[in-house]
Amino acid sequence: MGYYSLLLEKRYREFCEVYREKGRLCKENPAEYGDLQPGSQVRALLEIGEFEEAARVCRQMIQQEAEESARRGYDASSSTWPIFLAIACMKLGRYAEAAQAIQEAPRANYQPNRVQAPCLMYYMAIVMEDKDLKRESVKVLNARLRTKAGTEPAFAPVRFLRDKISEEQLLAETETITNPKLYLRALVPAKFLIAVKRYETGNLEGCCQALKETCGLYERDQIAVMPCEYFLAESWLAELERQKTDSDSREA
């Protein structure tokens with residue numbers, strides 16, 4: 001699997017070091033260095049807490065896509081960069097910038113997963129306590145449900161966030177994915193969104209349990225780290241556990 005195995009093995013610093021040294025060779029020699037993609041670099045930067053650098057790379061890629069769009073006469077925007085930019089800004093505490101970035105993601109022309117951006121927008125609205133962003137996320141989620149694909153299993157996370165189906169139904173629809181790798185990649189965000197809804201309703205203990213279950217999927221297959229929701233689950237769980245420890249210490 002080449003250098004991408006470093007990400008799957010959570011050797012994020014090693015990946016960043018290799019990228020800084022050889023990332024420029026990605027296009028020159030894709031057979032050997034094709035795994036050194038900017039998206040993987042940003043993911044590794046997020047994992048090691050280099051949020052400023054991650055945001056810088058995202059802004060650079062967004063600018064490159066804008067220039068390519070102007071040069072070629074078509075929309076070359078992708079949802080990857082505004083999603084990662086929003087995550088980096090949120091981790092930096094720059095909530096207004098995070099909200100602005102995540103709202104751009106569902107508008108991108110290229111979206112590998114048309115469900116991910118609006119679902120992450122909903123998550124950010126909840127954790128950042130941004131009522132305006134939540135209203136916007138609901139609009140996008142509702143729009144997704146009105147499409148022809150809205151009733152398909154892939155859109156189950158959207159129906160779940162809009163209270164159309166239960167946790168059990170979300171997991172049941174996810175289980176209809178027969179490819180084991182694709183199933184696990186879908187199960188990670190499904191479990192993560194269960195944590196989001198539990199948090200929204202004040203069920204903090206249930207939220208933490210769902211986050212632990214999300215993180216525990218890595219034990220089944222390293223492929224679990226691929227969705228960015230895995231990183232969000234790990235980092236959010238660490239934050240919640242730290243807050244609980246601080247609260248217990250004050251009460252002692």
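In which helix is the place of Gln-209? Gln-209 lies in helix α13, residues 204-216. The model is predicted: local features require pLDDT of at least 70, side-chain atom pairs count only at pLDDT 80 or more, and totals for chains, interfaces and linings use all residues. Residues are numbered from 1 along each chain as its sequence is written, and side-chain values use heavy atoms, without hydrogens or water. Helices are DSSP runs (H or I, at least four residues), numbered from the N terminus.

Gln-209 is partly exposed, because its relative accessibility is 38%. On this scale, buried means under 20% relative accessible area, exposed over 50%, and partly exposed in between (1.4 Å probe, protein chains only). The C-alpha atom of Gln-209 is separated by 9.1 Å from that of Leu-237, 28 residues apart along the chain.

Two packed helices are described by the angle between their axes and the distance between the axes. Helix α13 packs with helix α14 (residues 228-251) at about 140°, and their axes are 9 Å apart. Axes are lines fitted to C-alpha atoms, for helices over the stretch in contact, with angles from 0 to 180 degrees between N-to-C directions. The pair is therefore oblique. Angles under 35 degrees count as roughly parallel, over 145 as roughly antiparallel, 65 to 115 as roughly perpendicular, and the rest as oblique. The crossing of α13 and α14 is left-handed, the near helix being turned anticlockwise from the far one by less than a right angle.

Contact (heavy atoms within 4.5 Å) involves residues of α13 including Leu-204, Cys-207, Cys-208 and Leu-211. Their partners in α14 include Tyr-230, Ala-233, Trp-236 and Leu-237. By class, this contact has 10 nonpolar, 1 polar and 3 charged residues. Ala, Val, Leu, Ile, Met, Phe, Trp, Tyr, Cys and Pro count as nonpolar, Asp, Glu, Lys and Arg as charged, and the others, Gly among them, as polar.

The axes of α2 (residues 12-22) and α4 (residues 38-47) come within 9 Å and cross at roughly 135°. α2 is thus oblique to α4. Their crossing is left-handed. Tyr-12, Phe-15, Cys-16, Tyr-19 and Arg-20 of α2 make the contact with α4 residues, among them Pro-38, Gln-41 and Leu-45. The contact comprises 7 nonpolar, 2 polar and 2 charged residues.

The whole structure contains 0 disulfides, a disulfide being a pair of cysteine sulfur atoms within 2.5 Å. The closest cysteine sulfur to that of Cys-207 is in Cys-208, 5.3 Å away and too far for a bond. Cys-207 is buried, at 0% relative accessible area. Cys-228 is also in no disulfide; the nearest cysteine sulfur, in Cys-58, is 11 Å away. Cys-228 is buried, at 6%.

Conventions
Helices (H or I, at least four residues) and strands (E, at least two) are DSSP runs, numbered from the N terminus.
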